[in-house]
Amino acid sequence: MMKLVKPRVLVVDDEPGVRKALQRGLRAEDMDVVTAADGPTALQLARTGSFDVVLLDIMLPGLSGYRVLERLRGDGVTTPVLLVSAKDGEIDQADGLDLGADGYLVKPFSFVVLVAQVRAVLRRAGPEASRGVLKLSALEVDRALRQVRWDGREVPFSPREFALLEVLVGRSGTVVTKDELLRAVWGDEQSVTRNLVEVYVGYVRRKLDAVGAGALLRTVRGHGYLASDTQLDEVR
């Protein structure tokens, strides 16, 4: 039985103190948190489809939260978005909701209320939210069809290989340890060891290499494995 993966949250705010506080607080609530400080970075990260919810400040350098949200919805990214802003006017809130936001929080806000809003959005999204398409460069991991495509062409993966790739691409730009892969892909199978993780990563890497996508999967010695591309590398 596979273990449920922690909800993955993208926190976007140009204030370092806010990012740090939200990251610390949400991690304490057993969530996996990635942060961004500007609009272009937020757009690049959110376009991967690998987050369960985005906390998006409106006033951002480079690209406003409104424009980030507008472009995400235009690209077909359906990840739930909670807008966060000091603007408390009805028109501001209506504009955000009309662009496709799933909620609107006014600063300053209670952290307890924010967590409740995040959990409510995750509940409303339900299991279907984790069945969208993950994208990394020209690689697509279609969780609904259980297919992997590179440049539009299907690449065959076994169910276990698919599950492993899904976890890695689902956490694009973040190092995933062998133990995390073990828990997420094999769950409570007692006989499985870290060596088997290495074996299956090798299987996945060879299949990616065969279609020219091998550079997307890297070993971070002493830590684990990283799925990333040049654009995400710049963000990181």
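This is a predicted model: local features need pLDDT of at least 70, side-chain atom pairs count only at pLDDT 80 or more; totals for chains, interfaces and linings use all residues.
Start by selecting D142 and R149, whose side chains meet in a salt bridge with N and O 3.3 Å apart. Both residues are buried: D142 is, and so is R149.

Next, pick K107 and D13, which form a salt bridge with their closest N and O atoms 2.8 Å apart. This pair links distant parts of the chain, 94 residues apart: K107 sits in the loop between β5 (103-106) and α5 (111-125), and D13 in the loop between β1 (8-12) and α1 (16-28). Is D13 buried or exposed? D13 counts as buried because its relative accessibility is 3%, and the cut-off for buried is under 20%.

For a local pair, move to helix α3 (residues 65-74), where E70 and R67 lie 3 residues apart, about one turn of the helix. Their side chains meet in a salt bridge, 2.8 Å from N to O. Colour these two by accessibility and you will find E70 partly exposed at 38% and R67 partly exposed at 34%.

**Two helices crossing**

Now show helix α6 (residues 159-170) and helix α8 (residues 194-210), which pack at an angle of about 90° with their axes 10 Å apart. That angle makes α6 roughly perpendicular to α8. To see the contact itself, select R160, E161, L164 and L165 on α6, then V197, Y200, V201, Y203, V204, K207 and L208 on α8. By class, this contact has 8 nonpolar, no polar and 3 charged residues.

**Into the cores**

Which residues touch the most other members of the largest nonpolar core? They are L10, L56, L83, L164 and L181, out of 56 residues in that core. Helix α6 gives the most to this core, with 7 residues. Centre the view on L83 and display its neighbours: leaving out residues up to four places away in sequence, L83 touches L56, I58, Y66, L69, G96, A101, G103, Y104 and L105. Apart from this core lies another, of 15 residues, with V9, V33, V84 and V115 among them.

**A buried loop residue**

Go on to T79, in the loop between α3 and β4 (81-85). T79 is buried, with a relative accessible area of 9%. Not counting residues up to four places away in sequence, the contacts of T79 are G49, F51, D52, V53, V54, R73 and D102.

**Backbone stops to finish**

Return to K107 and look at the peptide bond that leads from K107 to P108: this bond is cis, with omega near -10°. P108 is found in the loop between β5 and α5.

Then select D30, in the loop between α1 and β2 (32-36). Although D30 is not a glycine, its phi is positive, about 65°. D30 is partly exposed, with a relative accessible area of 45%.

The last stop is D151, in the loop between β8 (147-150) and β9 (153-155). D151 is not a glycine either, yet has a positive phi of about 55°. At 55% relative accessibility, D151 counts as exposed, the cut-off being over 50%.

Notes:
Residues are numbered from 1 along each chain as its sequence is written. Side-chain values use heavy atoms; hydrogens and water are left out. A salt bridge is a side-chain nitrogen of Lys or Arg within 4 Å of a carboxyl oxygen of Asp or Glu. Helices (H or I, at least four residues) and strands (E, at least two) are DSSP runs, numbered from the N terminus. Buried means under 20% relative accessible area, exposed over 50%, partly exposed in between (1.4 Å probe, protein chains only). Axes are lines fitted to C-alpha atoms, for helices over the stretch in contact, and angles run from 0 to 180 degrees between N-to-C directions. Angles under 35 degrees count as roughly parallel, over 145 as roughly antiparallel, 65 to 115 as roughly perpendicular and the rest as oblique. Contact means heavy atoms within 4.5 Å. Ala, Val, Leu, Ile, Met, Phe, Trp, Tyr, Cys and Pro count as nonpolar, Asp, Glu, Lys and Arg as charged, and the others, Gly among them, as polar. A nonpolar core is a set of buried Ala, Val, Leu, Ile, Met, Phe, Trp, Tyr and Cys residues joined through side-chain atoms within 4.5 Å.
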